[in-house]
Structure formats: C-alpha cells, structure tokens
Amino acid sequence: ILEKIDTEVKFRVIDPVGYFDIIELLKHASLVMTDSGGLQKEAFFFKNPCVTMRDETEWVELVEHGFNAVVGAETDRILSAVKSMRSKADSLDFSIDLYGQGKATHHITDAIVSME
C-alpha cells in the first residue's frame, strides 16, 4: 500500500502505548490513521487530520467539517483519503468550536451554586 502513496512516508511500528504516550505521539503527528473511536477526537484536539479505517464513526461532526475521513478497510479508499487529507491539512481550520471551551465544570458549578 505505502508504495502507492507518492510521497515519502516516515513511521515506525511500535508496541501499544498508554494514554499519556499516545498524547505525546499526537503532539508530533501530521496525520492520524486509526480504527479507534476515541483517537479520532483526540486527533482533532491536536490539530491532526484523521483517516478512520472503519465503516462508521460516532464523531460525524469531524467528518462534516472535513477533519476526518471514514473509509472502511478498502485499500484504494484508504490511499485516496490519505492523499486528500495530506493535501488539505494546512487549510483545515481547527479553531472551530466543536466541543466547547473546556469550561463545562465551571458552568455546572455555577448552575449548582445558583440553585441554593
């Protein structure tokens, strides 16, 4: 498959890693390829385009906004999505507010306090 991608691909195969290690890897990635539901969303948080090798996703908003391509397991679809995502990676606007500002705890606390 990799010889069909018309650019140099640099990667290493590694043993499975824990959550904190995967976060560090995402910080330095330029593209994420996964079959994991959670990693699709983590890729967005670290401003990485994602190719999801599943038939569906629970994160449809990522697909709708172009941050994620859901391609199944077909080689041609995977290759096409990788090329597409790499070519548009610099134009993706990751500043879009899909998941709030990380202030849910403050909003919940304020709501509880105001109930007293």
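**Exercise 1. Describe the sheet: which order do its strands have, and which strands stand at the edges?**

Solution. Step 1: the 3 strands form an open sheet in the order E1-E2-E3, with parallel pairing. Two strands pair if DSSP finds at least two bridges between them; helices (H or I, at least four residues) and strands (E, at least two) are DSSP runs, numbered from the N terminus.

Step 1: E1 (32-34) and E3 (68-70) are the edge strands; each has a single partner strand, so one side of each lacks a neighbour in the sheet.

Step 2: on average, neighbouring strands are turned by 15° against each other, direction ignored. Axes are lines fitted to C-alpha atoms, for helices over the stretch in contact, and angles run from 0 to 180 degrees between N-to-C directions.

Step 3: the parallel pairing of E1 and E2 spans 3 bridges. Val-51 in E2 is the bridge partner of Met-33. Helix H2 lies across E1, E2 and E3 and runs at about 170° to E1.

The model is predicted: local features need pLDDT of at least 70, side-chain atom pairs count only at pLDDT 80 or more, and totals for chains, interfaces and linings use all residues. Residues are numbered from 1 along each chain as its sequence is written, and side-chain values use heavy atoms, with hydrogens and water left out.

**Exercise 2. Determine whether Thr-52 and Lys-47 are buried or exposed.**

Solution. Step 1: apply the cut-offs: buried is under 20% relative accessible area, exposed over 50%, partly exposed in between (1.4 Å probe, protein chains only).

Step 1: Thr-52, in strand E2 (residues 50-52), is buried because its relative accessibility is 0%. Its side chain makes a polar contact of 2.7 Å with that of Asn-68. A polar contact is a pair of N or O atoms within 3.5 Å; within protein, one must be able to donate a hydrogen and the other to accept it, and residues adjacent in sequence count only if both atoms are side-chain atoms.

Step 2: Lys-47 is in the loop between H2 (37-45) and E2. Lys-47 is exposed because its relative accessibility is 55%. Although not a glycine, Lys-47 has a positive phi of about 60°.

Technical notes. Contact = heavy atoms within 4.5 Å.
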